[in-house]
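Please keep the structure open while reading.

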Amino acid sequence: MKPVAASVTGTRTGANRALARVGTEEFHSMRLPAAQEAAVLYSANFNDAAVALLKSEIKDSAGKTNKQVWLMLFDIYQASQNRSEFDALSMLFTVRFEQSPPPWAESGDSAGDPRRSTQTRERKDLFTLKPNASGDLAAEIEKFRAFAEAQGTVRLDVSKVTAISAEEATLLNNALLLLRKKNMPMWFNSIEPFEKLLRSQIAEKATEVQRYYWLLLFELLIIQGRSQEFEDLGLEYAVAFEISPPIWEIYVNSVAIAAAKAAPAAKAAPSAAIQPEVGFPLKGVISAASANQIAELNGFAANHTEVAIDTSKVLRIEFGFASIFFEVVKTIQVAGKRVILSNLNELNAGLLEAFGFNRYAILVRKKSI
């Protein structure tokens, strides 16, 4: 009998809740616990619905002490790089359980920030740029500049900026230039989508108004030390405007430089910090596009009696692919091998439990707290 996805029926409320019931080989049309229902919604890429359900659950008298739903909400905010909501939830979690929340795992945006292990300081100088209630970004840019000068260092989160006028781009460029000239240590959060936003403004025929977006892009590249991309952009700029591009300038982030000089031991230590082998690594969103990974997994399983699968890099297991993945795991187990799915986050663990993977594999959650 075919398991799972094909037998999804029933809802709690609305169309999204159509994913709320998952049948398995033994169980059909059962109502899922809220945590598993949220995991299924997330798997089906209904993130907002999953967040709404989990938020409702942590406020519910019965569910508010259920750490699993809290950890799922942390997982979603982490996956979506929503630092502000993650931090807000952390405070609530601390109050509720009187223990530390899961740590924020830095993305590539923070890879160059040597303070990432000293979260108190990092959070103190984090400024999230977003339009105010009247949609005004200019006033917030001025607040950002004043905030940075008051703190002495700053991490600018631009994840909330979905639109920016030429005038606002100029104001932000001026603020960043001013801070750079003051040798202000600066880092960014979610800079890549913001740069895409700026580039979308210069995609058409060059005009004087568009030039302000170019100039902000140049400034961002200087602060991040991305000289090659600065040069490439300069060539585009010269062609577009038939004038010389801005000149590359050296920006020194004194905090980053000092940390690099003070941490030779840390550089020598990576061999000791290498994580032990935890099995075959799956990565990204596991979906129909993961055929190569699944083929490699089957090859790996053919040579092992115990098949450990590391899911620490798995962002999501796509709902439409879960039943196929189920068959893969089941086939390995039926061949007489022990299957261990390790380092599962709460969302993926909840989905696999809903699908009944635990009858064919040992599910091991990652240690979050």
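Which handedness does the β-α-β unit of β6, helix α16 and β7 have? The model discussed here is predicted. In it, β6, helix α16 (residues 346-355) and β7 form a β-α-β unit that is right-handed.

Strand β6 covers residues 338-344, and five of its seven residues are buried, so that the strand counts as mostly covered. Strand β6 pairs with β5 and with β7, as the table sets out.

| Strand pair | Direction | Bridges | Example of bridge partners |
|---|---|---|---|
| β5 (residues 306-317) and β6 | parallel | five bridges | Glu-306 and Arg-338 |
| β6 and β7 (residues 362-365) | parallel | three bridges | Ile-340 and Ile-362 |

Between β5 and β6 the chain passes through helix α15 (residues 319-334), and this β-α-β crossover is right-handed. In a regular strand, side chains alternate between the two faces of the sheet.

A pair of helices is described next. Helix α8 (residues 191-200) and helix α9 (residues 211-223) have axes that come within 9 Å and cross at roughly 155°. Angles over 145 degrees count as roughly antiparallel, and α8 and α9 are therefore roughly antiparallel to each other. Their crossing is left-handed. On the α8 side, the contact is made by Ile-191, Phe-194, Glu-195, Leu-198 and Arg-199. Helix α9 contributes Tyr-213, Leu-216, Leu-217, Leu-220 and Leu-221.

Note on methods: Residues are numbered from 1 along each chain as its sequence is written. This is a predicted model: local features need pLDDT of at least 70, side-chain atom pairs count only at pLDDT 80 or more; totals for chains, interfaces and linings use all residues. Side-chain values use heavy atoms; hydrogens and water are left out. Buried means under 20% relative accessible area, exposed over 50%, partly exposed in between (1.4 Å probe, protein chains only). Helices (H or I, at least four residues) and strands (E, at least two) are DSSP runs, numbered from the N terminus. Two strands pair if DSSP finds at least two bridges between them. A crossover is right-handed if, with the strands pointing away from the viewer, the path from the first strand over the helix to the second runs clockwise. Axes are lines fitted to C-alpha atoms, for helices over the stretch in contact, and angles run from 0 to 180 degrees between N-to-C directions. Angles under 35 degrees count as roughly parallel, over 145 as roughly antiparallel, 65 to 115 as roughly perpendicular and the rest as oblique. A crossing is left-handed if the near helix is turned anticlockwise from the far one by less than a right angle, and right-handed if clockwise. Contact means heavy atoms within 4.5 Å.
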